[in-house]
Amino acid sequence: MSPFKRKSAALFQAVVFMFIMGCAGAPPAPPDEGVHFWPMPPDEPKIAYISSSFGESNYKKLSFMQELLGDEELVVNNFTKPYGVSVYNDKMYVTDTVARLVFCVDLKEKKITFVGGEYSVPTGVAVSSDGIVFVADAKQQKVLGFDASNKLRIAIGKKGELGQPGGVIVNNRLGRLYIVDSHKHQVHAYSLKGEYLFSFGKRGVEDSEFNFPSNIALDRRNNNICVVDTQNFRVQCFDKDGKFVLKFGQIGNAPGTFSRPKGIGIDSEGNIYVIDAAFDNFQIFNEKGELLLAVGSAGIDPGRFSIPAGMYIDENDRIYAVDTGSKRVQIFQYMSQAWKKANPEEYKKYLLK
């Protein structure tokens, strides 16, 4: 082979190598963003897919060379292993257990910032009406509260106080913060100033007992809270003071049962959504614990998941489901009666299918 041909072959191999490496470092391609909803006709649609957020790549347009060679900043500012999610004032907060960061995704301004500094294992996140962002760090055994200027305002977790904080939720009406403690098999309640109020639960299988609980959701209608009792393969619901109200679920692989229950959310009508990391879906139950619908299966398209984790449902019934394995947060809309009345034309789009 001539020197010219050898150089040409080497250059071609280098370009191919850089292309492969660039693709490997680039964020995953977004799924088909068409119209997706559940259940399918002839049933009335209840859940609609809106979009997916991967982080910076949703807002930053890459040049050809950046796509070819990869963009280090873009990779840093995309989710790596997202876990928890919360939303307040058009800002979505996402904890990332590998990047050890808490992302703040401004959904309106379309930009990414970060809350606090670097964590050990950030898990749960919740936001109060005065803008304090509470972040649970499982390894540091603390829950930290940061204000809008990223200044630490509250630190919960003296030595021995928390075992392994996971999910957190804020009740702004009562001025309370609830913390799920997986290793102590309890739920702790604090004021939004960080003052200890009470705890409930212990390890066990009876009502009001837990086995490595993970996440928590608030029913805004009545101040009740529902807790994912992970290793008991069920959900337990309590009133604002920790009095037992309801339980549902058992281990299994049939609809209505659980295998690896993780995230949880409650919509404006009291329906309870539970993510299952083994089923790669979320199941929806009514306020009596009766199964209504399941959304999802394994995959990368809208409504498909890979080891999903945290969940949050906002006041407008928008659903945020963390799709950990696909490094994204999927966003859905529950078409409640109030939403249909406020969005008649949008609703027609789904009725035509």
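This is a predicted model: local features need pLDDT of at least 70, side-chain atom pairs count only at pLDDT 80 or more; totals for chains, interfaces and linings use all residues.
Leaving aside neighbours within four places in sequence, Ser182 is in contact with Gln164, Phe212, Pro213 and Ser214.

- Ser182 sits in the loop that lies between strand E12 (176-181) and strand E13 (186-191).
- Ser182 counts as buried because its relative accessible area is 9%, and buried means under 20%.
- From this position, the side chain of Ser182 reaches the backbone oxygen of Pro213 at 2.5 Å.

**The cavity**

- The structure holds one cavity of 30 Å³ or more, and the largest cavity has a volume of about 130 Å³.
- The largest cavity is lined by 16 residues, of which Val85, Val168, Asn215, Ile216 and Met311 are the closest to its centre.
- At least two lining residues are supplied by each of strand E3 (82-88), strand E7 (122-127), strand E11 (165-171), strand E19 (261-266) and strand E23 (308-313).
- Sorted by class, this lining has nine nonpolar and seven polar residues, with no charged residues.

**The nonpolar cores**

- In soluble globular proteins, nonpolar side chains tend to be buried together.
- The largest nonpolar core here has 27 residues, and Met92, Tyr178, Val187, Ile216 and Tyr320 touch the most other members.
- Strand E5 (residues 101-106) gives this core its largest share, which is three residues.
- Another core, lying apart from the largest one, has 16 residues, including Phe282, Leu293, Val295 and Ile319.
- Not counting residues up to four places away in sequence, Tyr320 touches several residues, among them Val85, Met92, Leu107, Met311 and Ile331.

Notes
Residues are numbered from 1 along each chain as its sequence is written. Side-chain values use heavy atoms; hydrogens and water are left out. On a 1 Å grid over the protein atoms alone, a cavity is a set of points where a 1.4 Å probe fits but cannot get out, and a pocket is an open set with protein on both sides within 12 Å along at least five of seven lines; lining residues have an atom within 4 Å of a point. Grid points are joined across faces, edges and corners, and a volume is the space filled by probe spheres set on the points. Helices (H or I, at least four residues) and strands (E, at least two) are DSSP runs, numbered from the N terminus. Ala, Val, Leu, Ile, Met, Phe, Trp, Tyr, Cys and Pro count as nonpolar, Asp, Glu, Lys and Arg as charged, and the others, Gly among them, as polar. A nonpolar core is a set of buried Ala, Val, Leu, Ile, Met, Phe, Trp, Tyr and Cys residues joined through side-chain atoms within 4.5 Å. Buried means under 20% relative accessible area, exposed over 50%, partly exposed in between (1.4 Å probe, protein chains only). Contact means heavy atoms within 4.5 Å. A polar contact is a pair of N or O atoms within 3.5 Å; within protein, one must be able to donate a hydrogen and the other to accept it, and residues adjacent in sequence count only if both atoms are side-chain atoms.
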